[in-house]
Amino acid sequence: MPLSTTSSWRRLAAATLLLGGLALAVPLTAAAQAWPARPITLVVPFAAGGPTDIVARALAAVMPKTLGQTVIVENKTGAGGTIAAASVARAQPDGYTFLIHHNGMATAPSLYRKLTYDPLNDFEYVSQVVDVPMTLLGRKDLPAKDLPELLTYLKANADKINLAHAGLGAVSHLCGMLFRKAVGVELTTVPYQGTGPAMIALLGGQVDLLCDQTTQTIPHIKSGAVKLYGVTTPSRLKSLPDAPTLSEQGLQGFEVVVWHGVYAPKGTPKDAIDKMGAAIRAALQDPGVAQRMADLGAVVADDAKLSPAGLQSWLTREVQRYGPVIKAAGQFAD
Ligand code: MLT
């Protein structure tokens, strides 16, 4: 009897422990499944070291403070950013894959005849990030010292001058084509997987010209490693006050500003979209990130665009804006 009492007690104790354990296990499992339960991948559609990568890595470095998980930056290059965008459109919509992309998201449907994704229907919108001006640069030893001299030099040497870019759909390509059109000179173009490698080629003197975002170019301009011919904004930049605009040197109406947005595959849970958006906004307000972005000429997107609806309406507007311009220019790829 005492034996049986003891074994009853043991069974009761074991059952209690088991139930207690189950009770404990339920909230733990729920907590473990709360988003994000594992590292998040942020896909960059251009090469490491370039301007999109610089913004992505600045955000990724501080986002764990809000998310409690690592944000892994993955560079997936090719076809002016469309390979990365297609892969994110097809990724599992589980909240662990995001894409950061720029104006190329809006130009691709007009530029690529066989695009395998629809920017307006195959993604969830998270948030816009920053707006970034561009700069027209030349290799350090290019003889022309300013834009007027460059135009004279180009007219005399058009067959010898090349312009680097990051592929059809890249903003460096768009800016380069607008420049070619504005000055009426046909230049040879050299494509790279991003302006990170294009900048290395410019620094090494293998290419002559590159139009690129200030997030990458400002340190090289300040160190004198490249020649600056002008900025692509209507007025001068706080971060480069001595740099003339292209418009003030005679290229009237020449304006290119790059905007960046973050997207997720269609069907990604709203909770993940909302928390990712909140983490991006917190990262942009982080004092270190805010200072770095300001030093590199990037301006945080205004409040209306820092939301899924803000990004969606901006992208829709941009797709409609670029469509007729690209059609008229007749630049397409399959
Ligand atoms: C990059 O990150 O390499 C650039 O944004 C590419 C481009 O010029 O669009």
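Is serine 235 buried, exposed or partly exposed? Serine 235 is partly exposed, with a relative accessible area of 48%. Here buried means under 20% relative accessible area, exposed means over 50%, and partly exposed lies in between, for a 1.4 Å probe and protein chains only.

Before I continue, a word on the model. It is a predicted model, in which local features need pLDDT of at least 70 and side-chain atom pairs count only at pLDDT 80 or more, while totals for chains, interfaces and linings use all residues. Residues are numbered from 1 along each chain as its sequence is written, and side-chain values use heavy atoms, with hydrogens and water left out.

Serine 235 sits in the loop that runs between strand E8 (226–231) and strand E9 (257–265). Helices (H or I, at least four residues) and strands (E, at least two) are DSSP runs, numbered from the N terminus. From serine 235 to leucine 246 the C-alpha distance is 9.4 Å, at a separation of 11 residues in sequence.

Threonine 41, by contrast, is buried, at a relative accessible area of 18%. Threonine 41 belongs to strand E1. Leaving aside residues up to four places away in sequence, threonine 41 touches Ile72, Glu74, Tyr96, Thr97 and Phe98; contact means heavy atoms within 4.5 Å.

The largest nonpolar core has 61 residues, and Phe98, Leu150, Phe179 and Leu209 have the most contacts inside it. Such a core is a set of buried Ala, Val, Leu, Ile, Met, Phe, Trp, Tyr and Cys residues joined through side-chain atoms within 4.5 Å. Helix H10 (residues 270–285) supplies the largest share of this core, 7 residues. Because domain 1 (40–131 + 257–329) and domain 2 (133–249) both give residues to this core, it lies between them. The domain bounds come from an automatic or database domain assignment. Another core, of 23 residues, lies apart from it and includes Val88, Leu111, Leu168 and Tyr263.

Finally, the ligand. Among the residues surrounding it are Phe46, His102, Ala166 and Gly194, where near means a heavy atom within 4 Å.
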